[in-house]
Amino acid sequence: TTPFPSTPSAIVTFPDLIYSQSKKNAEQLLESYSKNYSMPITVLRFFNTYGPRMDNKRISPPLISYIIKEILNNKNPILHSDGKQERDYIYIDDVIDVFKILLNTKFSKYEIYNICSEKTYSVNEIYKLIKDSMRTNIEPIFNKPKSFWDKFKNLYNGKYVFNQNRVKKEVNKFTLGSSKKVQTKLNWRAKTSIKSGINKTVNYYRNDFDF
């Protein structure tokens with residue numbers, strides 16, 4: 001959606017990736033239940049959530065845990081585009097706080113809330129924070145944005161192949177959310193700074209996770 005910061009009431013154009021389509025379709029399904037059965041349903045739109053226990057085993061791990069994993073293994077992380085792309089990051093403990101509030105709140109209708117920090121950070125800024133936290137001199141290697149999903153070989157084999165320009169668009173995607181609605185109605189706001197969140201995440205993977 002545009003303009004930014006995006007709000008829960010902003011008109012969402014129909015997504016053209018299966019991943020984002022599934023989210024939009026789920027919202028539409030829930031809204032129909034709410035309208036037809038008077039079910040009180042709350043939808044949370046999580047922005048880039050990070051913290052301990054992120055899945056590092058998958059082919060394309062989340063950015064922050066991927067960088068930490070590579071550095072711990074003394075490797076140069078491979079990043080894509082120029083590192084200037086910015087997104088809104090939210091720490092997992094802040095997300096959990098929202099659930100605690102919701103479990104003790106009665107609702108009467110269908111509501112959508114953005115769960116975000118209302119701040120953006122570039123990949124380069126994220127990398128520097130991780131680098132400083134881990135006290136390392138390891139530098140990333142930058143690759144073309146079109147090659148971000150090259151590890152998923154099935155996307156590019158066969159008669160019909162995935163459009164790499166769409167990959168480039170996804171890599172360079174900008175996100176920034178407004179959490180004004182959830183602040184007003186649920187008295188919630190993100191409390192964890194990006195520096196503190198990254199330090200906590202780094203400490204977890206250093207001490208408690210076997211790569």
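I am working from a predicted model.

**Entry 1: α4 against α7**

I started with helix α4, residues 123-134, and helix α7, residues 194-207. Their axes come within 9 Å and cross at roughly 55°. Angles from 65 to 115 degrees would count as roughly perpendicular and those under 35 as roughly parallel. The two helices are therefore oblique to each other. I noted the hand of the crossing as right-handed.

Next I listed the contacts. From α4 I have Ile126, Leu129, Ile130, Ser133 and Met134. They meet Ile194, Lys195, Ile198, Asn199, Val202 and Arg206 of α7. By class, this contact holds 7 nonpolar, 2 polar and 2 charged residues.

**Entry 2: α2 against α7**

I then turned to helix α2, residues 63-72. Its axis comes within 10 Å of the α7 axis, and the crossing angle is roughly 45°. That makes α2 oblique to α7. This crossing is right-handed.

On the α2 side I wrote down Ile64, Ser65, Ile68 and Leu72. Their partners in α7 are Ile198, Thr201, Val202, Tyr205 and Arg206. I sorted the contact into 6 nonpolar, 2 polar and 1 charged residues.

**Entry 3: aromatic rings**

I looked up the ring pairs and got a count of 8 aromatic pairs. One of them is tyrosine 33 with tyrosine 37, at 5.5 Å centre to centre and 25° between the planes. This pair is stacked. Both residues sit in helix α1, residues 18-37. They are 4 residues apart there, so about one helical turn separates them. Tyrosine 33 is partly exposed, with 39% relative accessibility. Tyrosine 37 is exposed, at 59%.

I then checked tyrosine 204 and tyrosine 205. Their ring centres are 5.0 Å apart and their planes stand at 80°, so I logged the pair as edge-to-face. Tyrosine 204 is buried, with a relative accessible area of 12%. Tyrosine 205 is buried as well, at 1% relative accessibility.

I found one cluster to record: Tyr50, Tyr89 and Tyr91.

**Entry 4: lysine 181**

Where does lysine 181 lie? I found lysine 181 in helix α6, residues 180-186. Its relative accessibility is 26%, so I counted it as partly exposed. Leaving out residues up to four places away in sequence, lysine 181 touches Pro8, Glu111, Ile112 and Tyr113.

**Entry 5: backbone points**

Phenylalanine 4 and proline 5 are joined by a cis peptide bond, with omega about 0°. Proline 5 belongs to the segment before α1.

Serine 81 has a positive phi, near 70°, and is not a glycine. I placed serine 81 in the loop between β3 (78-80) and β4 (86-91). It is buried, at 16% relative accessibility.

Arginine 135 has a positive phi too, about 50°. Its loop runs between α4 and β7 (141-143). Buried or exposed, I asked of arginine 135? At 79% relative accessibility, arginine 135 is exposed.

Definitions and conventions:
Residues numbered from 1 in each chain as written. Predicted model: local features only at pLDDT ≥ 70, side-chain atom pairs only at ≥ 80, totals over all residues. Heavy atoms only, no water. Axes fitted to C-alpha atoms, helices over the stretch in contact; angles between N-to-C directions. Parallel < 35°, antiparallel > 145°, perpendicular 65-115°, else oblique. Left-handed = near helix turned anticlockwise from the far one by under 90°. Contact = heavy atoms within 4.5 Å. Nonpolar A, V, L, I, M, F, W, Y, C, P; charged D, E, K, R; others polar. Phe/Tyr/Trp six-rings, centres within 6.5 Å; stacked < 30°, edge-to-face > 60°. Buried < 20%, exposed > 50% of the residue type's maximum accessible area, 1.4 Å probe, protein only.
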